[in-house]
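Please take a guided look at this structure. Start with the sequence, then turn the model around as you read.

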Amino acid sequence: MILKITLTLILVALPVISGFASTLTKEFDRPDGTHKVKIDINEENFGNIKNARITASEYVRDKKIWSLVDYVNKCPLDINMALIKDSFEIKKINGSFDAVLFSYTIGCVGGLDPVTVKYFAYENGVKHSLRGEERMIIPNGVIDDNVKPVPDTNLKNNILLYKYMTSNWHKASTVVLE
């Protein structure tokens with residue numbers, strides 16, 4: 001009887017741990033072999049505290065070409081971390097190398113708030129980024145601060161890729177809520 005009571009008290013005192021994971025992959029062929037790109041999003045809940053992490057990488061013949069890690073830790077509210085639909089693509093933009101492109105939202109929010117959007121392109125192992133804020137379309141109108149996204153130096157110097165990514169920015173950053 002004492003054992004049952006002790007075990008019950010221990011189980012009640014333990015925090016609830018739950019999680020969510022998703023993985024997306026793409027492959028493409030180049031003269032140096034088959035390239036594999038993998039994006040993982042993992043979320044964990046420890047009671048009232050949430051953590052999330054996104055990892056992305058490209059490999060060819062077990063050699064890592066590039067990798068990215070981003071996270072939200074110790075969020076007491078809701079985590080918004082999701083790959084933007086249809087943003088994960090492999091595309092020849094400059095004619096010679098395949099660019100890996102993807103965008104995602106990332107933030108710790110307590111309601112209907114725009115979060116950060118990060119749009120990345122990796123071309124021949126070089127990272128190019130465009131960062132800004134989500135634009136939300138709701139039945140009552142649009143929620144955004146109309147702030148233009150900010151490119152990094154690599155993207156500014158890659159004119160064709162810069163034009164492609166900025167022309168896709170609205171697709172990458174707009175969320176329609178009904």
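Against which strands and helices do the buried residues of helix 3 pack? Some ground rules come before the reply. This is a predicted model, in which local features need pLDDT of at least 70 and side-chain atom pairs count only at pLDDT 80 or more, while totals for chains, interfaces and linings use all residues. Residues are numbered from 1 along each chain as its sequence is written, and side-chain values use heavy atoms, with hydrogens and water left out.

The protein has four helices and 13 strands. These are DSSP runs numbered from the N terminus: helices are H or I with at least four residues, strands are E with at least two. Of the 178 residues, 38% count as buried. Buried means under 20% relative accessible area, exposed means over 50%, and partly exposed lies in between (1.4 Å probe, protein chains only).

Now to helix 3, residues 159–167. Its buried residues are Leu161, Tyr164 and Met165. Seen down the helix axis, they fall within an arc of 95 degrees, so they line one face of helix 3. The arc is taken from the directions from the helix axis to the C-beta atoms. On the other side of helix 3, Ile159, Lys163 and Ser167 are exposed. The buried residues pack against strand 6 (89–92), strand 7, strand 8, strand 9 (126–133), helix 2 (153–156) and helix 4 (169–173).

Next, the nonpolar cores. Such a core is a set of buried Ala, Val, Leu, Ile, Met, Phe, Trp, Tyr and Cys residues joined through side-chain atoms within 4.5 Å. The largest has 21 residues. Trp66, Leu68, Met81, Val100, Phe102 and Tyr104 have the most contacts inside it. Strands 2, 3, 4, 5, 7 and 8 each supply at least two residues of this core. Apart from it lies another core, of 13 residues, among them Val117, Ala121, Leu161 and Tyr164.

Trp66 deserves a look. Leaving aside residues up to four places away in sequence, Trp66 touches partners including Val37, Ala56, Val100, Phe102 and Tyr122. Contact means heavy atoms within 4.5 Å.

Finally, the rings. The structure holds seven aromatic pairs. Rings of Phe, Tyr and Trp (its six-membered ring) pair if their centres lie within 6.5 Å; planes under 30 degrees apart count as stacked, over 60 as edge-to-face and the rest as tilted. Phe102 and Phe120 have ring centres 5.9 Å apart and planes at 40 degrees, so the pair is tilted. Phe102 lies in strand 7 and Phe120 in strand 8, so the pair ties together parts 18 residues apart in sequence. Both Phe102 and Phe120 are buried.
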